[in-house]
Structures are given as structure tokens and as C-alpha cells.
Amino acid sequence: MATRKKSSPKPLKILFVSSEVEGLVKTGGLADVAKSLPAALIALGHDVRVAMPLYRKVAQGEQAEVLAETELHVETQPAPVAYKVKQLHTAGVPVYGIDAPQYFDRDELYAENNEAYPDNGERFAFFSAASLDLCEKVGFQPDIIHCNDWHAGLVPFLLRTRYADNEFFAKAKSVITIHNAVFKGEYNYDQFSLIPELIQRRYLQVEMNPSQVSMLKAGVAFADKVNAVSPNYASELLTHLGSHGMSEDFQHRADDLYGIVNGCDYGDWNPETDPYIKQHFKANKVSLARGKKACKRDLQQRVELPVVDVPVYGMVCRLTEQKGVQYLLPILRDFLRNQVQVVIVGSGDPKLADELRQVSAEFPDQFAFIEAYDNPLAHCVEAGSDFFMMPSQFEPCGLNQLYSLAYGTLPIVRGVGGLKDTVIDYDDTPQVATGFIFDAPTPEALLIKLQRSLLVYCQQPQEFKRLQQNAMACKFEWKEAAEQYLRMYSGDEPSVIEKVEAEKKLEADTQ
Ligand SMILES: Nc1ncnc2c1ncn2[C@@H]1O[C@H](COP(=O)(O)OP(=O)(O)O[C@H]2O[C@H](CO)[C@@H](O)[C@H](O)[C@H]2O)[C@@H](O)[C@H]1O
């Protein structure tokens, strides 16, 4: 990719490769980005198509127009893999649904009963290979192939191997965005029969050990540019502690490593228009007070808590260690000794769910645990809570704190990854603060911040309202994120290391 040249006004053709896309199928934040970023790039005049597996869950799949009925031929394989490309759409974004029933016609995307499908390596190796295979067949010649997470990690590898001398992709450059490097896509070599290039010549930089390959490592090693979904997470990826065991991989790519904070889709997450919430509200004091009150009452009713005037602390997440439920559980009973209510909506680890269920049985009037993946309820939690908890162990960017800010629901977050880039701590900078940050990965540190926030709510109601208004004034527009991505594609965006150096220089100059 060119460096430091002015961005060209010529519209780019971008293939965005993602395993899920909001509006079609979603299990987490990756899907939100895979809808909103392409939509923002299209709004800036670029031609973006998304490639995604056509899972059974995608309702549009049945009726969708077939663009190609074809086969993936792999040199060493006796039989080709038949697949169709179907035309899907979400929010004005064209999506190529890769329809290969043997891989994707299953009840779930990745796992059933909390157990991953045993052939996930083969499934997503196929997805990566088919995403490139389909381009010529549907007549879309991309300038940029923008891959996301491990599921698409073999795309940059294939571009540099299988397609190295292919005229069709001669000008194509690849990018991999890291939404979560804890998932590395590690599989035994025997899952990669569709990628003989991996087997014929062993590439040490993509191996976890002599018998396993990491699809994420392949993406990081072979993409032209690598970016994380916040500058702080990108810096963490360069460290031993924050890189999930991949610091050397990221250090090798340090000159091409970027950090771009996700946007918030204000079309979906806006308290003035949200169709899921009881009463719309704006940031002005009267509207905010009335709206929050009505939404709190509605939330309490929905989750069967008493309708009383106490502060409500919400949380919506996948139940995994990443989201920090393990910091909350040991202090939850202590915190519930205060006059507060806590609402958690989440699904995932059955052990964490059991423990949360037990607390809710002990505190039926104060703690509601809804074990579900429930988007309308997630909106009601954002609107009806006073505070939103994200005590994450690590957090590449985080979207729920952005939604919380938009709804005047003060985030209480751990100062890691993108949470640190997007929330301003009350104790650190009270004037411009938008929430509360704690640093130590301990239940005690979380409890101290929860109690701190409670004191502000109870003893300084005017200050609390001011913080809510600060929060609602924050904007994380996808348009700005998309412009940064375009600068990254063209070589005009400073890398994370360049940004850190520039900040250090600025600090030194101002001292
Ligand atoms: N039980 C439930 N019911 C309803 N909705 C639920 C839900 N559980 C989660 N969600 C929704 O799923 C999304 C989660 O997004 P996050 O960014 O917080 O986390 P995730 O870890 O999935 O994403 C990864 O990718 C994103 C995108 O880059 C990064 O922001 C993030 O840090 C990284 O871990 C939100 O839209 C949230 O409302």
C-alpha cells in the first residue's frame, strides 16, 4: 500500500469480509460494525460489498436472488465444493451470502450448547477461500479487501499465495481489523485440506505449534495493514500482557498497525427515536428527567422488579470472562445492601449464569438476571438505567458504553482498551467527565467505583445531571471512523506508534 500520499477522490471498490452482519445475523459487536462501517463508506461514495456465510438463521436467504451457482476448485482436492452466491441486503449495504449447506446450514453460527462445531477451522477456511473465489464470478474487482477477525484471517494469506500472480487481484490490497484477538482461530492442519498452500510449505509465522495453525496469525502476518478497533487496544496488542499471547506477531507489524475507534449507529441507538423504549427523550433537563423516569419504570416492570425510585445499574453482555462478570459476582451481594437495583441481560457461560440466577433468587426485589439475547430489552436497559456497568477484563472497543453515553446512562468501566479511549473519568477530570473508570482488575476496585457513583447520584443530583448531559453530548460518528479507515487504506493515517510518538512530543513541548 502506498504511504503518505494524498487520498485519491476516486471511489474505491471494497470487499468487506465478515462472519456476521447486523440486520441479517448477529452474535456480538462484530455484526454491528459489519453493517455500520460499510454503510458509512457507501455514504462517502465508495462501492462496498460484504461477503458473509449464508447461515440457516438468515431469514432473507430462502428468497434471495442467486448471483452465481458455482464451485470452489482446489488443486489437491479430488472434488470441488459446490456453493451459491446469493444477493442479500441490510441497511442499503449489498451482501454476498455464501451458501454452502454442508458448512453453514446448521442451527447456530459457531457453537451449540456452548460447544464449538468441531469443523470450525474447515468451515471458515472455506469461507475465506470462497470470499475471494466469488469475486471474479460475480464481477466485483476490489481495490481493498477488508477482513475481520480470525474467520477471514486466511484471506490475506491466500491473496499472497494462491492469488499472488492472478491478474484479477493484481491491484488488491488487504486489511485485517482485529475486533477480538482472544479468538485466534487455532486448528489442526487436518482442517485445512482446502488450503493446501498452508500444508505444502509450512509458514512458521502462522503456526501456534507444530500441529496447529492460527487463522488470525495468518491475517496479521499477511495483510497489508492491520488495525484494532481502538488506539488503546492497538497499543495493548504490542505488549505481552495485553496481546493474548500474540505480542510478537503484532510487534512484527508495528509499522502497519493502526487503531480506529468504532462509531455508534445513532440510527439504531438514539433516545429521541428509539422504537423500543417507552418514552423518547433529549438531553435537555426536563425531557431527560421525564424520559428517564418513564423508561426506568418500564424497565422495572419488564424485568419484574418493584417500581421504586432508586438508582438502577444495567449491564448487557455475552457472559464470558472478557466482560468481567467475575469481578462483579464477589461484590454483588455487598453492593445490593445499598438501595439500588441491578439488571443484567446476558447469555453464555452456564456457570456464570447459574451464579447470577442464585443472586437473583436471594435478592428478588433488587436484582434481575435475564438469561437471554434480547435486543429490544437491551435498548430498554440502556434507556431505563442510570448507570451501565462494563468491568471488562479487556475490551477491544466496546459498543455498549457508546450506546450508554447516548442515553445519558453513565458508564462505569474498567480503564482498558477502547473503554479508556471513549469514557472520561469523573475523579480524573470532573468538568468534562462522562462516567467512572477503575483500573485494578479486582472486585474491590469495582465496588469502590460503584459506591462512588452511588454517592454522586444520591448526594449531588445536579452534578449527576450535568454528567448525563456531558455524556449525551459525546458523538462517535461512523462517518468519522469511515474517513479514518479511508486514510488508513491510502496511507494517510498515522500508525499507532506514530500517534504515541506525536503525543509524547506534544507533552514534552508543553512542559
Ligand atoms: N444478551 C444480549 N442481548 C442483547 N444484545 C446483546 C446481548 N449481549 C450482547 N449484545 C449486543 O452485542 C453487541 C456487543 O458489542 P460489544 O462491542 O460490547 O462486544 P463484543 O465483545 O461482542 O464485540 C467485539 O467486537 C466489537 C466490535 O468491534 C468490539 O467493540 C468489542 O470490544 C469486541 O469484544 C452490542 O450491540 C450489544 O448490545
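Me: What is the order of the nine strands in the open sheet with mixed pairing?
Reply: This is a predicted model, in which local features need pLDDT of at least 70, side-chain atom pairs count only at pLDDT 80 or more, and totals for chains, interfaces and linings use all residues. Residues are numbered from 1 along each chain as its sequence is written, and side-chain values use heavy atoms, with hydrogens and water left out. Strands are DSSP runs of E with at least two residues, and helices are runs of H or I with at least four, numbered from the N terminus; two strands pair if DSSP finds at least two bridges between them. The order is S3-S4-S5-S2-S1-S8-S9-S13-S14.

Me: Which are the edge strands of this sheet?
Reply: An edge strand here pairs on one side only. The edge strands are S3 (65-72) and S14 (257-259).

Me: Which residue in S9 is the bridge partner of Ile 145?
Reply: Strand S8 (residues 144-148) and strand S9 (residues 173-178) run parallel and are joined by five bridges. The partner of Ile 145 in S9 is Ser 174.

Me: Which residue in S20 is the bridge partner of Arg 414?
Reply: Another open sheet, with parallel pairing, has six strands in the order S17-S16-S15-S18-S19-S20. Strand S19 (residues 410-414) pairs with S20 over three bridges in the parallel sense. The partner of Arg 414 in S20 is Phe 438.

Me: How far is an oxygen atom of the ligand from an N or O atom in the side chain of Glu 395?
Reply: Glu 395 is among the residues that come nearest to the ligand, together with Gly 29, His 179, Arg 318 and Gly 398. A polar contact is a pair of N or O atoms within 3.5 Å; within protein, one must be able to donate a hydrogen and the other to accept it, and residues adjacent in sequence count only if both atoms are side-chain atoms. For Glu 395 the distance is 2.5 Å.

Me: What percentage of the area that the ligand exposes when taken alone does the protein bury?
Reply: Accessible areas come from the Shrake-Rupley method with a 1.4 Å probe, and for residues only the protein chains shown count as cover. Taken alone, the ligand exposes 710 Å². The protein buries 97% of that.

Me: Which element gives the largest share of the shell around the ligand?
Reply: There are 29 residues around the ligand, each with a heavy atom within 4 Å of it. Elements that give two or more of them include strand S15 (312-319) and helix H12 (375-384). The largest share, four residues, comes from H1.
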